[in-house]
Amino acid sequence: MTGYYDLVLGLIPVALLGITAALTAVGLSLIAAVPIGAFVAMAIIGHAMFINTPADVSDEARSAKPPLNAD
């Protein structure tokens with residue numbers, strides 16, 4: 001079963017290489033196309049790290065359990 005982070009790992013090279021190739025095919029120079037593709041790949045990585053974090057647990061789920069060493 002493919003999860004969100006599997007898709008992110010697949011989209012990083014697709015974004016970098018695919019967008020760079022598409023922009024180059026349209027007529028943009030390689031020097032301009034590579035940073036645009038890298039920015040899109042960086043945005044995908046940033047979304048996975050900071051917006052949809054791997055340890056995304058709500059505060060309600062944490063507060064439902066009592067502490068282990070409560071006095």
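Trainee: Is Tyr-4 buried, partly exposed or exposed?

Mentor: Compare relative accessibility with two cut-offs: buried is under 20%, exposed is over 50%. Tyr-4 has 30% relative accessibility, so it counts as partly exposed. Keep in mind that this is a predicted model.

Trainee: What about Tyr-5?

Mentor: Tyr-5 comes out at 32%, so it is partly exposed.

Trainee: How many aromatic pairs does the structure hold?

Mentor: It holds 1 aromatic pair. The partners are Tyr-4 and Tyr-5, with ring centres 4.9 Å apart.

Trainee: Why is the pair of Tyr-4 and Tyr-5 edge-to-face?

Mentor: Look at the angle between the planes; over 60 degrees counts as edge-to-face. Here the planes stand at 85°, so the pair is edge-to-face.

Trainee: How do I check the span of helix 1?

Mentor: Take 1.5 Å times one less than the number of residues. Helix 1 covers residues 4–26, which is 23 residues, so it should span 33 Å. Its end C-alpha atoms are 31 Å apart, which agrees.

Trainee: Where is the kink in helix 1 centred?

Mentor: On Val-14, with a kink of about 30°.

Trainee: Which residues of helix 1 are buried?

Mentor: Val-8, Ala-15 and Thr-20 are buried there.

Trainee: Now the surface. Which residues make the nonpolar patch?

Mentor: Ile-45, Met-49, Phe-50 and Ile-51 make a nonpolar surface patch of about 440 Å². Met-49 sits in helix 2, residues 30–51. Its relative accessibility is 48%, so Met-49 counts as partly exposed.

Notes
Residues are numbered from 1 along each chain as its sequence is written. This is a predicted model: local features need pLDDT of at least 70, side-chain atom pairs count only at pLDDT 80 or more; totals for chains, interfaces and linings use all residues. Side-chain values use heavy atoms; hydrogens and water are left out. Patches are made of residues with over 30% relative accessible area and no salt bridge: like charges are joined within 9 Å, nonpolar side chains (Val, Leu, Ile, Met, Phe, Trp, Tyr) within 5 Å. Accessible areas come from the Shrake-Rupley method with a 1.4 Å probe; for residues, only the protein chains shown count as cover. A salt bridge is a side-chain nitrogen of Lys or Arg within 4 Å of a carboxyl oxygen of Asp or Glu. Helices (H or I, at least four residues) and strands (E, at least two) are DSSP runs, numbered from the N terminus. Buried means under 20% relative accessible area, exposed over 50%, partly exposed in between (1.4 Å probe, protein chains only). Rings of Phe, Tyr and Trp (its six-membered ring) pair if their centres lie within 6.5 Å; planes under 30 degrees apart count as stacked, over 60 as edge-to-face and the rest as tilted. The bend at a residue is the angle between axes fitted to the seven residues ending there and the seven starting there.
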